[in-house]
Amino acid sequence: MSLLVPLRLKTVLALVCLIWMAAAQSVFGQQPAGIPPTGYGAPPAGYGGLPATTPTAPPTGYGGPPATGFTPPPTGYGAPPATTGFGAPPTGYGGPPAGTPGAISPSPNWGSPVVTQPTAGLSPGIQPFDPYAMPAGNTGLPPTLGGYPGAPPQTLPQAPAWPYGSNPAAPAATPYGALPPQPYMQNNILPTSIPPYNRLFQDTGFRYTYLYGSKGDELGMNVLELGTSAFFPNFLGSKGPLRVSPGFVFNWLAGPTEPFPLDLPPRVYDTFLDFGWTPQFNQTIGGEVSFRWGLYTDFKSVNNNSVRLTGTGIGIIRITPASSLKLGVTYLDRADIKLLPAIGWLWQPNPQTRWDIYFPKPKLAKYWTTNGNTEIWWYLGGEYGGGSWTAEQGGGGGGSTRFDINDIRVYFGIDWNNLNRYSGVFEVGYVFNREIYYVHVAETLGLNDTFMLRAGLTF
């Protein structure tokens with residue numbers, strides 16, 4: 001009986017406690033599920049229900065859709081790479097970014113882009129946008145971009161090989177041999193071009209020569225030369241071209257006068273067809289060959305003596321890379337002088353120097369300067385001048401005579417040529433050892449020395 005009373009009392013107290021707890025729950029409301037009991041601290045943001053603070057953007061590479069309340073990326077921007085570790089995607093990944101070009105939307109925050117599209121205000125000369133450009137110093141980028149769609153290959157293909165050999169520059173050896181810029185075979189030939197030849201006729205032009213004199217033992221001369229040249233490469237299977245040069249020359253003569261017993265005609269003419277060939281047999285042996293058929297007369301007296309055949313044959317032997325020996329003969333076919341030796345030494349120590357110590361036409365040339373696209377040289381030269389003609393005898397008697405004019409000329413000159421293949425020459429000289437040889441009386445008359453002016457242009 002005594003034990004039964006305490007048990008009943010404990011039962012009553014337990015019931016009272018349960019009733020009190022039920023009443024308290026109805027008064028203070030239901031506790032949210034999943035929240036720890038009071039006193040355990042505030043739950044972290046995003047734990048279970050609504051977060052306590054405003055949600056922020058997920059970190060870079062956060063998988064899955066963003067939490068409730070997070071602003072989605074603009075339409076068309078595309079999804080970020082599924083794999084982390086590749087750094088920020090380049091501009092234009094997936095689709096064009098919304099807003100002003102040159103920037104991306106601030107939401108979601110995927111880090112700084114690799115490159116940005118340049119704005120329209122860039123200065124001229126800035127290179128266009130390169131989607132594969134890599135900013136310097138960005139250590140967060142992978143060593144290659146192979147994981148991105150459309151990434152360039154890791155190695156670029158090599159440029160195609162030059163189809164004509166390993167060196168696209170000009171060949172080391174001139175294919176046509178060493179063609180001299182000024183032929184030595186004739187005195188009145190125009191400057192000659194060197195290959196390549198881009199048209200049939202080259203070096204069309206004129207040259208004018210003036211020698212002072214008018215009376216007594218003086219002889220004045222005005223000589224106008226007109227000509228052109230055609231070149232035919234690889235003549236007779238050699239590396240040298242065949243040059244064919246037709247020409248016509250006017251010779252106006254003044255003097256001599258009394259007390260000389262014989263007068264010269266006021267005008268005589270040269271009509272000729274000249275052939276030149278410069279074979280190059282190998283790196284050591286070459287040559288120069290010229291042949292000319294010409295008619296030299298006043299056209300009032302034309303006979304067998306009016307036709308002259310002239311020419312030159314020279315062998316060239318290379319002694320050193322910079323010098324060559326030249327040996328041959330020149331056939332003049334004049335009444336007084338038929339043949340002259342042709343011997344000399346050619347020395348070219350550098351491209352700016354050419355010393356052709358050669359008889360009967362030496363020339364020491366040196367590069368001077370370049371003006372625009374025109375190269376200018378100066379030189380010292382010499383030549384055996386004159387000629388031989390047939391003409392009507394003075395007084396109108398109808399007879400024919402033949403005469404030679406011989407002299408030696410030395411001069412200082414300047415020549416130039418440009419990229420348009422125009423070339424010109426101007427010379428000032430001195431003429432000495434002058435003489436006239438009258439064939440029909442076998443008499444030679446000396447003449448006074450004089451000066452010479454010469455100018456020419458070819459194109």
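The legends below describe close-up views of a predicted model. Local features need pLDDT of at least 70 and side-chain atom pairs count only at pLDDT 80 or more, while totals for chains, interfaces and linings use all residues. Residues are numbered from 1 along each chain as its sequence is written, and side-chain values use heavy atoms, with hydrogens and water left out.

**View A. Salt bridge between Glu 225 and Arg 207.** A salt bridge is a side-chain nitrogen of Lys or Arg within 4 Å of a carboxyl oxygen of Asp or Glu; the count by this rule is 11. In the pair shown, the closest N and O atoms of Glu 225 and Arg 207 are 3.2 Å apart. Glu 225 belongs to strand β2 and Arg 207 to strand β1 (residues 201-211), 18 residues apart. Strands (E, at least two residues) and helices (H or I, at least four) are DSSP runs, numbered from the N terminus. Buried means under 20% relative accessible area, exposed over 50%, and partly exposed in between (1.4 Å probe, protein chains only). Glu 225, at 3%, is therefore buried, and Arg 207 counts as buried at 6%.

**View B. Salt bridge between Glu 383 and Arg 454.** The N to O distance between these side chains is 3.1 Å. Because Glu 383 lies in strand β11 (residues 374-392) and Arg 454 in strand β15 (residues 450-458), the pair ties together parts that are 71 residues apart in sequence. Both Glu 383 and Arg 454 are buried. Salt bridges with shared partners join Glu 383, Asp 407, Arg 409, Glu 427 and Arg 454 into one network.

View C. Strands pair if DSSP finds at least two bridges between them. Strand β6 (residues 307-320) pairs with strand β7 (residues 323-331) in the antiparallel sense over 9 bridges, and the two form a hairpin with 2 residues between them. Ile 316 is opposite Lys 326 in β7. Strand β8 (residues 339-350) runs antiparallel to β7 and is joined to it by 9 bridges; here Val 329 faces Pro 341 in β8. The side chain of Lys 326 also forms a salt bridge with Glu 288 (3.7 Å, N to O).

View D. Leu 253 is in strand β3 (residues 242-254) and, at a relative accessible area of 12%, is buried. Contact means heavy atoms within 4.5 Å. Not counting residues up to four places away in sequence, Leu 253 touches several residues, among them Leu 219, Met 221, Val 268 and Phe 403. Pro 265 is 12 residues from Leu 253 in sequence and 7.0 Å away, C-alpha to C-alpha.
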